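Let's take a look at how charged side chains pair up in a protein model. Have the sequence and the 3D view ready as you read.

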Amino acid sequence: WVLSLIGVRDKNYAVDEVQANARMILSEITRAVKSAAAVVSPVPGASDAVLELVRSAPQPNLTLALVDGILWRTAVGDPPLTISSRRVEIIDLEFANLAGATTERTNLRVRLTVRYRDPASIDFTFAESVASAVSLRQ
């Protein structure tokens, strides 16, 4: 009975960690997109695992990219920063530029799957896929 409670506590910890990171990652991506002037990559109608944004001068372009399960934020002249925790890994990331020829506003769909990084115990096994859409403020 005690082992069962410990297993439930471990599972709840993994769920909380994954969900908190997923929310924080989407929040950071949304903030970056809303403050951007334009999207370089992916081009309209395409999708990619890398998002490159043009920011207003004098700020350099911003790149969000997945490296070894961690989301990195890079701007020319600044050191790269991790957006996600090292306790979780992003196993799938897609930025889709939904803008078309007749669309005035750039809309991006963001999809990602986050899972807990501790494969040592089945109690810590948890993954969650989330999706959101965000528009540039133009």
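## A buried partner

Start with E89, which is buried at a relative accessible area of 18%. Here, buried means under 20% relative accessible area, exposed means over 50%, and partly exposed is in between (1.4 Å probe, protein chains only). E89 forms a salt bridge with R115, and their closest N and O atoms are 2.8 Å apart. That pair links distant parts of the chain, with E89 in strand β7 (residues 88-97) and R115 in strand β8 (residues 107-116), 26 residues apart. R115 is partly exposed, at 35% relative accessibility.

A salt bridge, by the way, is a side-chain nitrogen of Lys or Arg within 4 Å of a carboxyl oxygen of Asp or Glu. Strands are DSSP runs of E with at least two residues, helices are runs of H or I with at least four, and both are numbered from the N terminus.

## What the model is

This is a predicted model, where local features need pLDDT of at least 70, side-chain atom pairs count only at pLDDT 80 or more, and totals for chains, interfaces and linings use all residues. Residues are numbered from 1 along each chain as its sequence is written, and side-chain values use heavy atoms, leaving out hydrogens and water.

## The other pairs

The whole structure has 4 salt bridges. In one of them, E94 meets R109 at 3.6 Å, N to O. E94 sits in strand β7 and R109 in strand β8, so this pair ties together parts 15 residues apart in sequence. Shared partners join E94, R109 and R111 into one network.

R31 also forms a salt bridge, with E28, at 2.7 Å between the closest N and O atoms. They are 3 residues apart in helix α1 (residues 2-34), so about one helical turn separates them.
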